[in-house]
Amino acid sequence: GSTVLFQGTTTGGTVNAGTINSGTINAGTITDIGINHPKAFGTVINSGTSTLGTIKAGITGTVTYITDVVISVGGTAVNVEIGDGGTANPLLGTLSFGANGGLSASFRVPMQTSSGSALTFKQSINSSLMIRVNGYTT
């Protein structure tokens, strides 16, 4: 079963071992304590070549969910693609960056790869590139 963490107050109810057995939880009385997924990961890639690269290798029967992406490019304008098993299946489309540009994005609804597919990237020219990806697998 799932573990439910609870911090707050109840009216006319009890909380036992993470389960609300009865009663009402009043609005504004629960605090989100922010817990990482048990299969969370963070990966940093540094590249300088325009070959297809892997951010997170695919595992048979596993889906990779992407919650955050940070991209930073060097002194040359470059296009970057983040893909699902290759760039033919883009997750973000083609991102165009000016020299010394970048992106920081968090996704309320995570992007995901196909089951068993690697999370990949490719840049359009040989230029310095850093990609940081946070997420989790299931």
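# Reading a chain of ten strands

Visitor: Which residues does Thr-113 touch, not counting residues up to four places away in sequence?

Guide: Contact means that heavy atoms lie within 4.5 Å. With residues up to four places away in sequence set aside, Thr-113 touches Val-63, Thr-64, Ile-66, Asp-84, Leu-91, Ala-118 and Leu-119. This is a predicted model, in which local features need pLDDT of at least 70 and side-chain atom pairs count only at pLDDT 80 or more, while totals for chains, interfaces and linings use all residues. Residues are numbered from 1 along each chain as its sequence is written, and side-chain values use heavy atoms, with hydrogens and water left out.

Visitor: Where is Thr-113 placed, and does one call it buried or exposed?

Guide: Buried means under 20% relative accessible area, exposed means over 50%, and partly exposed lies in between (1.4 Å probe, protein chains only). Thr-113 has 2% relative accessibility and therefore counts as buried. Its place is in the loop between β8 and β9. For the whole chain of 138 residues, buried residues make up 30%.

Visitor: What is to be found at Ser-117?

Guide: Ser-117 also belongs to the loop between β8 and β9. Its relative accessibility is 18%, so Ser-117 counts as buried. Beyond neighbours within four places in sequence, Ser-117 is in contact with Gly-58, Asp-84 and Gly-85.

Visitor: How many helices and strands does the chain have?

Guide: Both are DSSP runs numbered from the N terminus: helices are H or I with at least four residues, and strands are E with at least two. The chain has zero helices and ten strands.

Visitor: In which order are the strands of an open sheet arranged?

Guide: Two strands pair if DSSP finds at least two bridges between them. Four strands form an open sheet in the order β3-β10-β5-β8, and their pairing is antiparallel. At the edges stand β3 and β8 (102-112), each pairing on one side only. For angles, axes are lines fitted to C-alpha atoms (for helices over the stretch in contact), and the values run from 0 to 180 degrees between N-to-C directions. On average, direction ignored, neighbouring strands of this sheet are turned by 15 degrees against each other.

Visitor: How many bridges join β5 to β8, and how many join β5 to β10?

Guide: β5 is joined to β8 by seven bridges and to β10 by nine. As examples, Ile-71 has Leu-103 in β8 as its bridge partner, Tyr-65 has Gln-112 in β8, and Thr-64 stands opposite Thr-137 in β10. Seven of the ten residues of β5 are buried, so this strand is largely enclosed by the rest of the structure.

Visitor: What does Met-111 show about distance in sequence and in space?

Guide: Met-111, in strand β8, is 46 residues from Tyr-65 in sequence, yet their C-alpha atoms are 5.6 Å apart. Met-111 is buried, with a relative accessible area of 13%.

Visitor: What is the order of the other open sheet of four strands?

Guide: That sheet has the order β4-β9-β6-β7, with antiparallel pairing. β4 (53-56) and β7 are its edges, each with a single partner strand, so one side of each is left without a neighbour in the sheet. Neighbouring strands here are turned by 20 degrees against each other on average, direction ignored. Five bridges join β6 to β9; in β9, Thr-120 is the bridge partner of Gly-83.

Visitor: Which residues of the largest nonpolar core touch the most other members?

Guide: A nonpolar core is a set of buried Ala, Val, Leu, Ile, Met, Phe, Trp, Tyr and Cys residues joined through side-chain atoms within 4.5 Å. Of the 18 residues in the largest one, Ile-55, Ile-71, Val-80, Ile-82, Ile-131 and Val-133 touch the most other members. At least two residues each are supplied by β3 (40-47), β5 (64-73), β6 (78-84), β7 (90-97), β9 (119-123) and β10 (129-137). The largest share, four residues, comes from β5.
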